[in-house]
Amino acid sequence: MSKNYNIALIGGDGTGPEVAREGVKVLQAAAAKFGFKLQFESYDFGAERYLRTGETLPDSAVEEMKKYQSIFLGAIGHPDVKPGILELGILLKMRFALDQYINLRPVRLFPGVETPLKGKGPDEIDFVVIRENSGGIYTGMGGATRVGTTEEIASQLMVYDRRTVDRCLRYSFELKRRRNATNAKYAAKPITLVHKRNVLTHCGDLWFRAFEEMGAREFPELKRDYNHVDAANMWFVKNPEWFDVVVTENLFGDIITDLGAMIQGGLGVAAGGNINPSGISMFEPMGGSAPKYTGLNVINPIAAIGAAGMMLDTLGERTAAAAVEKAIWATTPKMKSQAAGKMGFSTTEVGDLVAAAL
Ligand code: IPM
Ligand code: MN
């Protein structure tokens with residue numbers, strides 16, 4: 001019997017629905033080819049619904065998401081909605097409520113894609129960042145007092161507990177083991193912990209000890225390395241080929257993954273997953289809703305298609321996921337650019353090219 005996956009589809013705002021459509025197109029092509037079924041159910045969460053009803057993501061919707069094997073998201077964000085409302089109300093709420101504690105961000109330069117890094121190509125830019133996605137400063141602890149006066153004080157705390165650190169590290173070590181088995185190039189490189197333990201002596205120390213202990217005890221064959229986050233920034237730019245699997249805490253991960261997106265050719269190609277390894281994960285292109293390109297059929301869907309591939313991988317359809325990645329590899333060299341409106345193709349044509357390459 002072939003497998004059947006039920007997927008919640010949140011097209012979202014701006015160009016979100018346009019890129020999501022191409023992701024779905026490629027997913028359906030993969031399903032047909034590899035003998036499984038995908039059923040999509042659409043949800044209208046996003047700015048329009050918020051502006052109409054005042055609702056972001058109701059609790060009942062979070063419950064409803066639990067019926068699905070995965071969530072596929074286009075983009076969230078609208079110029080008429082104050083920053084923070086949709087981010088907190090939809091994206092972060094989903095991450096926390098479904099305990100998507102891994103943020104997986106491949107930083108991979110596809111062939112034919114331009115990187116701002118001189119002299120670096122697909123061989124050098126090929127790593128993955130695991131950002132802890134549930135704790136740290138995103139926990140929301142802290143507060144403000146005397147607000148609006150000259151004595152105003154505000155605090156926002158970086159909070160970590162051992163369980164939260166350990167589960168993120170375990171996922172990272174396991175991914176590193178899996179990658180090493182596929183490619184000698186990866187196997188030659190270490191897994192890198194990124195933090196700032198020279199200054200953040202409590203949180204940094206917790207992460208570092210947990211990393212060393214778990215690595216030595218459970219993954220002794222894996223080489224381990226450590227970088228301070230400021231230094232990691234420099235090395236991402238100067239020597240991206242040093243990296244394979246990079247694991248870091250939430251806020252540092254937020255920052256370094258945007259740097260990663262730029263060195264892999266920009267937001268048009270950068271895909272991400274918010275993963276609960278034993279629950280419901282959510283996959284999205286990193287590009288945002290790009291309001292000015294809405295409805296023009298010019299936005300780049302490669303990131304959404306990449307996110308679709310990541311979803312297949314997490315669902316356990318690894319052969320299909322690898323085929324999607326290969327189809328992207330076959331498509332990017334045909335494109336003139338990865339920038340919206342300059343691809344030499346429309347959004348739908350790029351989706352067609354990837355589906356055909358499958
Ligand atoms: C990201 C985004 C989010 C984050 C925002 C939109 C809440 O920047 O997914 O990286 O900070 O995590
Ligand atoms: Mn971010």
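Predicted model: local features only at pLDDT ≥ 70, side-chain atom pairs only at ≥ 80, totals over all residues.
**Group meeting: the sheet, its helix and the ligand site**

Let me start with strand β10, residues 245-248, which is covered on both faces: Val245 and Val247 are buried on one side, and Val246 and Thr248 are buried on the other. In general, the side chains of a regular strand alternate between the two faces of the sheet.

What does β10 pair with? On one hand there is β5, which runs parallel to β10 and is joined to it by 4 bridges, and here arginine 131 has threonine 248 of β10 as its bridge partner. There is also strand β8, residues 191-195, which pairs with β10 in the parallel sense, again over 4 bridges, with isoleucine 191 standing opposite valine 245.

Stepping back, these strands belong to an open sheet of 10 strands with mixed pairing, and its order is β2-β1-β3-β12-β11-β4-β5-β10-β8-β9. The edges are formed by β2, residues 37-43, and β9, residues 224-228, each of which pairs on one side only. From one strand to the next, the twist averages 25 degrees.

Elsewhere in the sheet, strand β4, residues 102-108, and strand β11, residues 271-275, run antiparallel and are joined by 3 bridges, and in this pair isoleucine 102 stands opposite isoleucine 275. Lying across β4 and β11, and also across β1, β3, β5 and β12, is helix α4, residues 85-97, which runs at about 145 degrees to β12.

For aspartate 254, the distance from a polar side-chain atom to an oxygen atom of ligand 1 is 3.0 Å. Taken alone, ligand 1 exposes 320 Å², and the protein buries 75% of that.

Finally, I would like to point out threonine 332, which sits in the loop between α11, residues 318-331, and α12, residues 347-357. Is threonine 332 buried or exposed? Threonine 332 counts as buried because its relative accessibility is 0%, and the cut-off for that term is under 20%. Leaving aside residues up to four places away in sequence, threonine 332 touches Phe110, Pro111, Val113, Ile302 and Gln338.

Technical notes:
Residues numbered from 1 in each chain as written. Chains lettered and ligands numbered in written order. Heavy atoms only, no water. Helix = DSSP H or I, 4+ residues; strand = E, 2+ residues; numbered from the N terminus. Buried < 20%, exposed > 50% of the residue type's maximum accessible area, 1.4 Å probe, protein only. Contact = heavy atoms within 4.5 Å. Pairing = 2+ DSSP bridges. Axes fitted to C-alpha atoms, helices over the stretch in contact; angles between N-to-C directions. Polar contact = N/O pair within 3.5 Å; in protein donor to acceptor, adjacent residues only side chain to side chain. Areas by Shrake-Rupley, 256 points an atom, 1.4 Å probe, with all protein chains shown as cover.
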